[in-house]
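My notes follow the order in which I checked them.

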Amino acid sequence: MPRAGLSAGAVVDVAVALLDEEGPAALTLAAVAGRAGVATPSLYKHVRHLAELRVLISIRVMDELTGRATEALMGRAGDEGIRAVMDAYRNYVREHPHRYAAMIQRPEPALAEAGARLVEVFYAALRSRGLEGSDAVHATRCARSALHGFAMLETSGGFGLPEKIDESFALLTEMIIAGLPRGQAGG
């Protein structure tokens, strides 16, 4: 990549490609600079430090997840919408396990907007089932926790028993849906 084409977005592109190929442990500014064809100090015009790059990567991953989940939810409502969002989330993590693993999972002010966009997709799926307010917050936390745990175990090879993983995920999805409180729309 020529130096003239370098931007914060281009640095994130290079970093995400590095993550996809080599995993989170390989993410260093020196490695990103090497792939971009520049000296490490040249990156500082676009990202101040590795922590900022991790935030930008996290925003990218959240935005990609949001896009996938939103697309999956289109034209669906109720339990079908919830299943679609859960499937889209899992599929994204399966396709991009390293970039997902590199995503910052703790609350971070710089991630608030991207995180809110992702959570809003869950809320939209739940609203179509009549869940709002505190019920939607709790349901979203539970669904995201289950999705995150399942996807991380799956992509790290944590499921060694012979039963089909897709069947386990379908069961998890149905357990989440069955455990949701009934909102005014009734689901």
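I started with arginine 90, whose side chain makes a polar contact with the side chain of aspartate 166 at 2.8 Å. I took a polar contact as a pair of N or O atoms within 3.5 Å, where within protein one must be able to donate a hydrogen and the other to accept it, and residues adjacent in sequence count only if both atoms are side-chain atoms. The model is predicted: local features need pLDDT of at least 70 and side-chain atom pairs pLDDT 80 or more, while totals for chains, interfaces and linings use all residues. Residues are numbered from 1 along each chain as its sequence is written, and side-chain values use heavy atoms, without hydrogens and water.

I placed arginine 90 in helix α5; helices are DSSP runs of H or I, at least four residues, numbered from the N terminus. Arginine 90 is buried, with a relative accessible area of 5% (buried is under 20%, exposed over 50%, partly exposed in between; 1.4 Å probe, protein chains only). Leaving aside neighbours within four places in sequence, I found arginine 90 in contact (heavy atoms within 4.5 Å) with Phe150, Glu154, Ile165, Asp166 and Phe169.

Next I checked α9, where Phe169, Leu172, Thr173, Ile176 and Ile177 are buried. They cover an arc of only 130° around the axis, which puts them on the same side of α9 (the arc is that of the directions from the helix axis to the C-beta atoms). Their cover includes α5 (78–95) and α8 (133–155). The face turned away from the buried side of α9 carries the exposed Glu167, Leu171, Met175, Ala178 and Gly179.

How values were computed. Helix = DSSP H or I, 4+ residues; strand = E, 2+ residues; numbered from the N terminus.
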